[in-house]
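Here is a short report for a reader new to this structure. Please keep the sequence and the model in view while reading.

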Amino acid sequence: MYHMKFIFDLFPVLLFFAAYKLAGIYTATAVLIAASAAQVAIYWLVTRKFESMHVITFVLVALFGGATLLFHTPAFIEWKPTVISSLFAAALLGARYVADKNLIERFLGSRMSLPAETWDRLNLAWAVYFLFTATANAFVILSFDTATWVDFHTFGMSAITGTFVIGQTLYLARHLRTAEAETD
């Protein structure tokens, strides 16, 4: 089941990549907008609720992708991942250190019980991850052409995300086993 969700979450990016290879950045951008809209709609039809990550991503894809198509420049769609990652990092850090709220705990707290310091580490790790991906995306945009950026966005970011998620899973598994042992 997790694998299906992972593929479902990635299908707009995969369609973007395929459309880019077949027809270029502007067709790929239009495909990305349509696929993101379809993703939100399909998720709602199946679950009768919206997943906030899909909705936020769709809104930003529509804005940045629309600007890319309107102004006929790939810069907008290329900078979208940097903007999204930066906003997520700012939200995680701002909520934690300004409003004293841990957003990762708010999203996952109903699914698992962890000590406050572990939640803080997770929140910080996700913020650093988002800052890293924002920086990596900006570096690729500023250093390479659009074709290289598309490859990086599709495969490099997927590898970075997969590696991070595996690391988080291993970290959480260690803490969940400790919590289970303490309750036994």
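Which residues does Leu32 touch, not counting residues up to four places away in sequence? The model is predicted, and the overall layout comes first.

## Overall layout

The chain has seven helices and zero strands. Read along the sequence, its pattern is α-α-α-α-α-α-α. The helices are H1 (2–23), H2 (25–47), H3 (52–71), H4 (75–97), H5 (103–108), H6 (116–143) and H7 (146–183).

Taken along the principal axes, the C-alpha atoms fill a box of roughly 60 × 40 × 30 Å. The chain has 184 residues, and 38% of them count as buried. Consider next the contacts between residues at least 6 apart in sequence: 64% of these join residues at least 24 apart.

Start with Leu32, which lies in helix H2. Its relative accessibility is 7%, so Leu32 counts as buried; the cut-off for buried is under 20%. Leaving out residues up to four places away in sequence, Leu32 touches Pro12, Val13, Phe16, Val61, Ile77 and Lys80. Ile77 and Lys80 are also among the buried residues of H4.

Gln168 lies in helix H7. Is Gln168 buried or exposed? At 10% relative accessibility, Gln168 counts as buried. Its contacts, leaving aside neighbours within four places in sequence, are Leu122, Ala125 and Trp126. Leu32 and Gln168 are 136 residues apart along the chain, and their C-alpha atoms are separated by 28 Å.

Thr133 is found in helix H6. Thr133 is buried, because its relative accessible area is 2%. Not counting residues up to four places away in sequence, Thr133 touches Ser85, Met157 and Ile160. Ser85 is one of the buried residues of H4.

## Helix H4

Where does H4 bend? The bend is at Pro81, and its angle is about 30 degrees. Pro81 itself is buried.

The length of H4 can be checked. H4 has 23 residues, so at 1.5 Å a residue it should span 33 Å. The end C-alpha atoms of H4 are 32 Å apart, which agrees. The expected span uses one less than the number of residues.

The buried residues of H4 are Ile77, Glu78, Lys80, Pro81, Thr82, Ile84, Ser85, Phe88, Ala89, Leu92, Ala95 and Arg96. Glu78, Lys80 and Arg96 in that list are charged residues.

## The largest pocket

How much space lies in the largest pocket? The volume is about 2100 Å³. The pocket is lined by 48 residues, and the closest to its centre are Asp9, Glu51, Met53, Trp126 and Phe130.

Helices H1, H2, H3, H4, H5, H6 and H7 each supply at least two residues of the lining. Which helix gives the most? H7 does, with 10 residues. By type, the lining divides into 29 nonpolar, 13 polar and six charged residues.

## Exposed loop residues

Now turn to the loops. Arg48 is found in the loop between H2 and H3. Its relative accessible area is 54%, so Arg48 is exposed; the cut-off for exposed is over 50%. The phi of Arg48 is near 60 degrees, a positive value in a residue other than glycine. Most residues other than glycine have a negative phi.

Asp100 sits in the loop between H4 and H5. Asp100 is exposed, because its relative accessible area is 59%. The phi of Asp100 is near 55 degrees, again a positive value in a residue other than glycine.

Arg111 is found in the loop between H5 and H6. With a relative accessible area of 65%, Arg111 is exposed. Arg111 and Phe139 are 28 residues apart along the chain, and their C-alpha atoms are separated by 36 Å.

Conventions
Residues numbered from 1 in each chain as written. Predicted model: local features only at pLDDT ≥ 70, side-chain atom pairs only at ≥ 80, totals over all residues. Heavy atoms only, no water. 1 Å grid on protein atoms, 1.4 Å probe; cavity = no way out; pocket = protein on both sides within 12 Å on 5 of 7 lines; lining within 4 Å. Points joined across faces, edges and corners; volume = space filled by probe spheres on them. Helix = DSSP H or I, 4+ residues; strand = E, 2+ residues; numbered from the N terminus. Bend = angle between axes of the 7 residues up to and from the residue. Buried < 20%, exposed > 50% of the residue type's maximum accessible area, 1.4 Å probe, protein only. Contact = heavy atoms within 4.5 Å.
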